[in-house]
Amino acid sequence: MLQKREDIRNIAIIAHVDHGKTTLVDELLKQSGTFRSNQVIRERVMDSGDIERERGITILSKNTSVYYDDVKINIVDTPGHADFGGEVERVLKMVNGVVLVVDAFEGAMPQTKFVLKNALSLGLPVVVCVNKIDRPEARPDEVVDEILELFMELDASDDQLDSPFVFASAKEGKAGATYEEAMAADDMKVLFDTIVEHIPAPEGDDEADLQILVTTIDYNDYVGKIGIGKVENGVIKTGDEVAIVNHHDPDKMEKIKVTKLYEFEGLERIEIKEASVGAIVAVSGMPEIHIGDTITSVANPLPLEYNKISEPTLFL
């Protein structure tokens, strides 16, 4: 039987390059109490790679989470640069909605259209965050009109056309339901509330056979390859024997033991013993795991369908 995990929201942050996604995530982390009050925080904490920090752009998706009241919000910070569009498409398979960040001066840009088209085509609910309202040349009303025109151009559904708008300055850590409210605000509570209210809770069946679609691969020197994905159905536990299958490769069938299991807490990967529907997990002990594989039950292996996406070229 399907259950809703009302204590979880899974979202992706999508935007054109340099519209403030990573700064927004930094602020959500700070305001949710992820960092100690006396902790020194570098800017752009989600850009962990040397090349990313040097170039000031996000290349690979990053997973993090924040707690707001009793809800865990799993956040995927996606690349905004066109060279890395394939990465954006993959991680959207893992979430139940998106926050579209748009610069209050630049407005809708080519990559805004690309990432929004992918989100809308998957039927994902959208929260629009008009960011950088503190810029002297900001034109929030015009940008709202541009975004609505883009929704219509991309054949958004009626529900998607009713997407809520939040105005924010991630740099100053404030947000509001209107430009005036946001300018007078002193926190981002309105954005947190809008995410919890508008992004649906993940659904699945804890009693069904296990299914996790691997959408990202990480690597650790100690445990090797790590498959990251959302638990669609079933429960996964450390020590379980699971099967690795692939919708596009019917002959693939590997039996693997789950050696370690992790969830994301803030910027850390925390080891856990088990995870159920809706959780975004990292699973180690799988040297032959690949993006698009399904981690599933040995007794009843059920691959999840996955649209193959060609790898973007990284011009570094």
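Modeller: Terms first: helices (H or I, at least four residues) and strands (E, at least two) are DSSP runs, numbered from the N terminus. This is a predicted model, where local features need pLDDT of at least 70, side-chain atom pairs count only at pLDDT 80 or more, and totals for chains, interfaces and linings use all residues. Residues are numbered from 1 along each chain as its sequence is written, and side-chain values use heavy atoms, with hydrogens and water left out.

Biologist: Okay, where does D155 lie?

Modeller: D155 is in the loop between α5 and α6 (158–161). Its phi is positive, about 60°, although D155 is not a glycine.

Biologist: And is D155 buried or exposed?

Modeller: D155 is exposed, with a relative accessible area of 67%. Here buried means under 20% relative accessible area, exposed means over 50%, and partly exposed is in between (1.4 Å probe, protein chains only).

Biologist: What about D69, what's its phi?

Modeller: D69 has a positive phi of about 55°, and D69 isn't a glycine either. You'll find D69 in the loop between β3 (62–68) and β4, and at 65% relative accessibility D69 counts as exposed.

Biologist: Switching to charges. How many salt bridges are there?

Modeller: The count comes to 17 salt bridges, taking a salt bridge as a side-chain nitrogen of Lys or Arg within 4 Å of a carboxyl oxygen of Asp or Glu. As background, side chains of opposite charge can pair when their charged atoms come close.

Biologist: Which residue forms a salt bridge with K72?

Modeller: That's E263, and the closest N and O atoms are 3.1 Å apart. E263 lies in strand β15 (residues 260–265) and K72 in strand β4 (residues 71–77), so the pair ties together parts that are 191 residues apart in sequence. E263 is buried, at 16% relative accessible area, and K72 is buried too, at 6%.

Biologist: Who does E203 meet?

Modeller: E203 meets K4 in a salt bridge, 4.0 Å from N to O. Since E203 sits in strand β9 (residues 203–204) and K4 in strand β1 (residues 3–4), the pair ties together parts that are 199 residues apart in sequence. E203 is partly exposed at 42%, and K4 is partly exposed at 49%.

Biologist: Which residues are linked in a network of salt bridges?

Modeller: D103, K132, R135 and E137 are linked that way. Within that group, K132 pairs with D103, with the closest N and O atoms 3.6 Å apart. K132 lies in the loop between β6 (126–131) and α5, and D103 in strand β5 (residues 97–103), so parts 29 residues apart in sequence are tied together. D103 is buried, with a relative accessible area of 0%, whereas K132 is partly exposed at 21%.

Biologist: Now the negative surface patch, which residues form it?

Modeller: D141, D145, E149, E180 and E181. A patch takes residues with over 30% relative accessible area and no salt bridge, like charges being joined within 9 Å. Both α5 (140–153) and α7 (179–184) supply at least two residues, and the largest share, 3 residues, comes from α5.

Biologist: Is E181 exposed or partly exposed?

Modeller: E181, found in helix α7, counts as partly exposed at 44% relative accessibility.

Biologist: Last one: what does the side chain of N118 reach?

Modeller: The backbone oxygen of F114, at 2.9 Å. N118 is in helix α4 (residues 110–121), and N118 is buried, with a relative accessible area of 13%.

Key
Polar contact = N/O pair within 3.5 Å; in protein donor to acceptor, adjacent residues only side chain to side chain. Patch = residues over 30% accessible without salt bridge, like charges linked within 9 Å, V, L, I, M, F, W, Y side chains within 5 Å. Areas by Shrake-Rupley, 256 points an atom, 1.4 Å probe, with all protein chains shown as cover. Lys, Arg positive; Asp, Glu negative; His and termini not counted. Charge placed at Lys NZ, Arg CZ, Asp CG, Glu CD.
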